[in-house]
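Take a look at the sequence and the model, then read on.

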Amino acid sequence: VYTPYGYDATKEYKTLYVSHGGGGQEAEWMEIGAAANIMDNLIAAGEMAPVVMVTMDNTHFSFNAGKNIINNIIPTIEAKYAVSKEADDRAFCGLSSGSMQTNELAREYPNEFGYFGAFSGGNRDLNPEHYDKEALQKTGYYVSAGCIDMAYNNTMGISSIDYMKLLDTLEVKYDFELLSGAHDWGVWRESLTRFAKNHLWNVETPSTLPAGP
């Protein structure tokens, strides 16, 4: 769990939940993904509001972790940290298999999050009848992939392009960015940065983080 500089338990923060990819675990975004550094820099620059960020281990559930996220992880975070319990104040994003987990949450629990970020991955279920069209139309949706990313366009039916076609069918607005790179951490770090900076919550008050040297 990442808490922003100056975290104050008397305040109320938004929450960003972030998933790793296949074979990964909860430490990857903090270590390889530099997620804490990304948040620190964006908040310090006044480019996003302070948030509490949570990473998790979805490998343990073979990425069928929806019930665990909704029934266990979110209630635990909301009980222990000073965060909002409003759906609009929650965002979920992930890379590769974590992107597919993100999109599956959008299918199963569209009313539990205000924002979704799918980095390099679609979903196995592309039946529009299985999605709550009206609920998803109220969310903010960001999709990204690398220009030579195997998940951008493939013949397995689980690509970013396949999923965007579904969103088009559902008339769900989304922002898509094709980034420079492959199925790699360079693309995913940039995706997290752009998702947080350009699509999540605005800064309500100036940052109190002291200026660097």
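Two residues are in contact here when heavy atoms of theirs lie within 4.5 Å. Please keep in mind that this is a predicted model.

## The sheet

Let's start with the strands. Six of them, 6 strands in the order β2-β1-β3-β4-β5-β6, make up an open sheet with parallel pairing. At the edges stand β2 (51–55) and β6 (175–179); each has a single partner strand, so one side of each is left without a neighbour in the sheet. On average, neighbouring strands are turned by 15 degrees against each other, direction ignored.

Val52 lies in strand β2. Is Val52 buried or exposed? Its relative accessible area is 0%, and buried means under 20%, so Val52 counts as buried.

Which residues does Val52 touch, not counting residues up to four places away in sequence? The list takes in Val1, Tyr2, Thr3, Pro4, Tyr7, Tyr13, Lys14, Thr15, Leu16 and Val83. For a sense of scale, Val52 and Leu178 are 126 residues apart in sequence and 27 Å apart in space, C-alpha to C-alpha.

## Ala118 and strand β4

Ala118 lies in strand β4 (residues 115–119). With 4 of the 5 residues of β4 buried, the strand is largely enclosed by the rest of the structure. Ala118 has a relative accessibility of 0% and therefore counts as buried.

Leaving aside neighbours within four places in sequence, Ala118 is in contact with Gly94, Ser99, Asn103, Tyr142, Val143 and Ser144. Ala118 and Leu179 are separated by 61 residues in sequence and by 13 Å in space, C-alpha to C-alpha.

The loop between β4 and α5 holds Ser120. Phi of Ser120 is near 65 degrees, a positive value in a residue other than glycine. Ser120 is buried, at a relative accessible area of 1%.

## Helix α3 and its kink

How does the span of helix α3 (residues 66–80) agree with 1.5 Å a residue? For its 15 residues the span should be 21 Å, and the end C-alpha atoms are 20 Å apart, which agrees. Helix α3 does have a kink of about 30 degrees at Ile73, shortly before the proline Pro75.

Ile73 is also among the buried residues of α3, together with Gly66, Asn68, Ile69, Ile70, Ile74, Ile77 and Glu78. The cover over the buried residues of α3 includes β1, β2, β3 (90–95) and α4 (97–108).

Helix α2 (residues 35–44) lies across β1 and β2, and runs at about 170 degrees to β2. In the loop between α1 (28–31) and α2 you will find Ala34. Phi of Ala34 is near 50 degrees, a positive value in a residue other than glycine.

Helix α6 (residues 160–170) lies across β5 (140–146) and β6, running at about 155 degrees to β5. Its buried residues are Ser160, Asp162, Tyr163, Met164, Leu166, Leu167 and Leu170, and they pack against α4, α5 (133–136), β5 and β6. Glu171 follows α6 and has a positive phi, near 60 degrees.

## Cysteines

A disulfide is a covalent bond between the sulfur atoms of two cysteines. Cys93 counts as buried because its relative accessibility is 0%, whereas Cys147 is partly exposed at a relative accessible area of 42%.

Key:
Residues numbered from 1 in each chain as written. Predicted model: local features only at pLDDT ≥ 70, side-chain atom pairs only at ≥ 80, totals over all residues. Heavy atoms only, no water. Buried < 20%, exposed > 50% of the residue type's maximum accessible area, 1.4 Å probe, protein only. Pairing = 2+ DSSP bridges. Helix = DSSP H or I, 4+ residues; strand = E, 2+ residues; numbered from the N terminus. Axes fitted to C-alpha atoms, helices over the stretch in contact; angles between N-to-C directions. Expected span 1.5 Å × (residues − 1). Bend = angle between axes of the 7 residues up to and from the residue.
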